[in-house]
Amino acid sequence: VLLLAPMLKLNVSAIEHGALQCLAFIMPTIPLIPSSATDDAKQYRDETKRKECAEDTLTVSGAKLRSATALACVDITLKIRDQFEKIDSSFLLMIADEDVVVKNEG
């Protein structure tokens with residue numbers, strides 16, 4: 001299992017989770033995040049890293065987070081949170097110098 005940054009302190013109410021489930025069922029491919037939010041200039045301050053990521057052939061260009069993908073992320077996060085104390089295998093946590101935990105609230 002590989003979990004990637006950014007670390008997110010997920011706070012999704014039962015109502016929000018239910019609404020996301022309905023949205024993902026009715027319109028699973030509707031984009032949820034505007035393309036301006038995923039602009040490379042906003043994601044990377046370092047020009048070298050920005051160029052490296054833009055030229056990465058494994059990166060999907062122009063992809064937007066869709067409702068079904070968002071639901072999958074929320075569901076797996078909630079499952080991990082509920083089962084975290086049962087995890088007994090080794091894992092490696094790597095945090096960059098400027099990484100922070102961000103809240104999903106305003």
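1. Buried means under 20% relative accessible area, exposed over 50%, and partly exposed in between, with a 1.4 Å probe and only protein chains considered. Aspartate 40, at 29% relative accessibility, therefore counts as partly exposed.

2. This is a predicted model, in which local features need pLDDT of at least 70 and side-chain atom pairs count only at pLDDT 80 or more, while totals for chains, interfaces and linings use all residues. Residues are numbered from 1 along each chain as its sequence is written, and side-chain values use heavy atoms, with hydrogens and water left out.

3. The protein chain contains four helices and two strands. Helices (H or I, at least four residues) and strands (E, at least two) are DSSP runs, numbered from the N terminus. Read from the N terminus, the order of elements is β-α-α-α-α-β.

4. Of the 106 residues in the protein chain, 9% are buried. The chain exposes about 9100 Å², an area that comes from the Shrake-Rupley method with a 1.4 Å probe; for residues, only the protein chains shown count as cover.

5. Contact means heavy atoms within 4.5 Å. Among contacts in the protein chain with a separation of 6 or more, 82% are between residues 24 or more positions apart.

6. Helix H1 covers residues 14-26, which is 13 residues. From first C-alpha to last, H1 reaches 18 Å, close to the 18 Å expected at 1.5 Å a residue; the expected span is 1.5 Å times one less than the number of residues. His17, Leu20 and Ala24 are the buried residues of H1. Seen down the helix axis, they fall within an arc of 60 degrees, so they line one face of H1. The arc is that of the directions from the helix axis to the C-beta atoms. The face turned away from this buried side carries the exposed residues Ala14, Ile15, Phe25 and Ile26.

7. What do the buried residues of H1 pack against? They pack against helix H4, residues 67-83, and the buried residues of H4 in turn pack against H1. H4 has 17 residues, which should span 24 Å at 1.5 Å a residue, and its end C-alpha atoms are 24 Å apart, which agrees. Ser67, Ala70, Leu71, Val74 and Leu78 are buried in H4. These residues cover an arc of only 100 degrees around the axis, which puts them on the same side of H4.

8. A nonpolar patch on the surface is formed by Phe25, Ile26, Met27, Ile30, Leu32, Ile33 and Leu65, with about 640 Å² of accessible area together. Patches are made of residues with over 30% relative accessible area and no salt bridge; like charges are joined within 9 Å, and nonpolar side chains (Val, Leu, Ile, Met, Phe, Trp, Tyr) within 5 Å. Isoleucine 33, a member of this patch, lies in the loop between H1 and H2. With a relative accessible area of 32%, isoleucine 33 is partly exposed.

9. Aspartate 40 lies in helix H2, residues 40-43. Leaving aside residues up to four places away in sequence, aspartate 40 touches Arg50 and Ala54. Aspartate 40 and alanine 54 are 14 residues apart in sequence, and their C-alpha atoms are 7.4 Å apart in space. Cysteine 53 is placed in helix H3, residues 47-54, and is partly exposed with a relative accessible area of 24%. From cysteine 53 to aspartate 40 there are 13 residues in sequence and 8.2 Å in space, C-alpha to C-alpha.

10. Side chains of opposite charge can pair when their charged atoms come close. A salt bridge is a side-chain nitrogen of Lys or Arg within 4 Å of a carboxyl oxygen of Asp or Glu, and a search of the whole structure finds four of them. One of these joins glutamate 52 and lysine 49, with the closest N and O atoms 4.0 Å apart. Both residues lie in helix H3, three residues apart, about one turn of the helix. Glutamate 52 is partly exposed at 48%, and lysine 49 is partly exposed at 44%.

11. Lysine 51 forms a salt bridge with glutamate 55, the closest N and O atoms being 3.8 Å apart. Glutamate 55 counts as exposed, at 53% relative accessibility. In the salt bridge between arginine 81 and aspartate 82, the closest N and O atoms are 3.7 Å apart. Arginine 81 is exposed at 51% relative accessibility, whereas aspartate 82 is partly exposed at 44%.
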